[in-house]
Amino acid sequence: MSHTMVWIVILAAGLCTFLLRLSFIQLWQWLSMPQWLHRALQYVPAAVLAALVMPALLRSGGAIDISPDNLRLIAGCLAALVAWYTRSVLLTLAVGMGALWLLQALT
Amino acid sequence: MKTRRSSFGAGVTAVSVMLPGVAPFGLIAGVTAASADLSIAQAMVLSMTVFAGASQLAMLQLISENAIPAVILLTALTINLRFVMYSASLAPHMQHLGAGWRAPLAFFLVDQNYALGVRRYEAGGEDEKWFGHWFYLGVSLALWVTWQTSTLVGLLLGTGVPREWSLDFAIPLVFLVLLIPALHQRPHIAAALTGGLVATVAAPLPFNLGIMIGAAAGITAGVLFERLVPAHASAEAGK
């Protein structure tokens, strides 16, 4: 992508994200949130984040790989346990990256 | 007695325990921006305007994979759709403020200041009408400054990180930390499993559309699960 196109994407993303944030804060007088939209939006974080995480772990080499040779899957599962029990960004990063480095060194 | 200044200070104090979780995330965003070959100006404008880690990381990943601009933008906006929900939830507390307040308050809206702000408004009395936005502003500015500083540090360190360190793996790890608290009830787990599996299967589709298709499938699964599985049945099974 050209340098100019990257600028356009960044500025458009910034502007549109601002409009999402402003939406109901600005329009509340005229418009309240419909029930169906509220229901659907509840599931956005779980659906989107899983759609980002799972391909990165299950397809780390390009093809779907659920064998023990998939080091990122193993390191990711360990990190998921740490995230589940501690909710700590720092510990999850440390265990996940540490496990990947160790596995890469061993194989 | 509550004042503007004490409310602002209470906001900074309330968010300070969250900042150690925000800074490493910003660092990763900075390092990723450096390895995606963005200029420092581009990376900082991205960080200052979008100001939402998960969408920034997804955008950087797609930029380095040479995805088309429309997909990069749509993916970022899908991730940020949750802000519409936050906006609607905070809106009733901000209606007495003029546009001069509402626009900047909206500009800073992210997960942490939403959570702290809405709690403050709901627990506080009538006087939060005059002081609540100062509390929210204290939270927001502390978050924003921490985010920009840590992104800049990551950006400056980033170019020196060798490929063998597999630092790109930090991105799914960060998403993982954000995903876990989002799984509070069974429909959310259904949404995550469906979204994740569909995105994995759909990953080879052109234009990196897999993430969006996965997200749409996951949201649909969550809504259907909520509708089809009666709440008491899922509560029973959850015991």
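How many residues of chain B are in contact with how many residues of chain A?

## The A–B interface

Here, 76 residues of chain B are in contact with 60 residues of chain A, where contact means that two C-beta atoms, placed from the backbone, lie within 7 Å. Helix 6 (residues 82-94) of chain B supplies the largest share of the chain B side, 10 residues. By class, the side of chain B that touches chain A has 56 nonpolar, 17 polar and three charged residues. For these classes, Ala, Val, Leu, Ile, Met, Phe, Trp, Tyr, Cys and Pro count as nonpolar, Asp, Glu, Lys and Arg as charged, and the others, Gly among them, as polar.

## Ground rules

This is a predicted model, in which local features need pLDDT of at least 70 and side-chain atom pairs count only at pLDDT 80 or more, while totals for chains, interfaces and linings use all residues. Residues are numbered from 1 along each chain as its sequence is written, and chains are lettered from A and ligands numbered from 1 in the order in which they are written.

## Domains

Bounds here come from an automatic or database domain assignment. Chain A gets domain 1 (1-32) and domain 2 (43-106), with C-alpha centres 31 Å apart.

Chain B is assigned domain 1 (4-166) and domain 2 (183-239), and their C-alpha centres lie 26 Å apart. Eight residues of domain 1 of chain B are in contact with six residues of domain 2 of chain B. On the domain 1 side, helix 5 (residues 69-79) of chain B gives the most, with four residues. That side has five nonpolar, two polar and one charged residues.

## Helix 5 of chain A

Helices are DSSP runs (H or I, at least four residues), numbered from the N terminus. Helix 5 (residues 89-106) of chain A has 18 residues and spans 26 Å from first C-alpha to last, close to the 26 Å expected (1.5 Å times one less than the number of residues).

Its buried residues are A:Val89, A:Thr92, A:Leu93, A:Val95, A:Gly96, A:Ala99 and A:Leu100; buried means that 20 or more other C-beta atoms lie within 10 Å of a residue's own. Their cover includes helix 4 (71-86) of chain A, plus helix 2 (19-35) and helix 10 (170-179) of chain B.

## A glycine to look at

B:Gly195 sits in helix 11 (residues 186-202) of chain B. B:Gly195 counts as buried because 33 other C-beta atoms lie within 10 Å. Leaving out residues up to four places away in sequence, B:Gly195 touches A:Ala47, A:Val48, A:Ala50, A:Ala51, B:Gly214, B:Ala215, B:Ala217 and B:Gly218. B:Ile213 is 18 residues from B:Gly195 in sequence and 8.0 Å away in space, C-alpha to C-alpha.

Definitions and conventions. Helix = DSSP H or I, 4+ residues; strand = E, 2+ residues; numbered from the N terminus. Buried ≥ 20, exposed ≤ 12 C-beta atoms within 10 Å, placed from the backbone.
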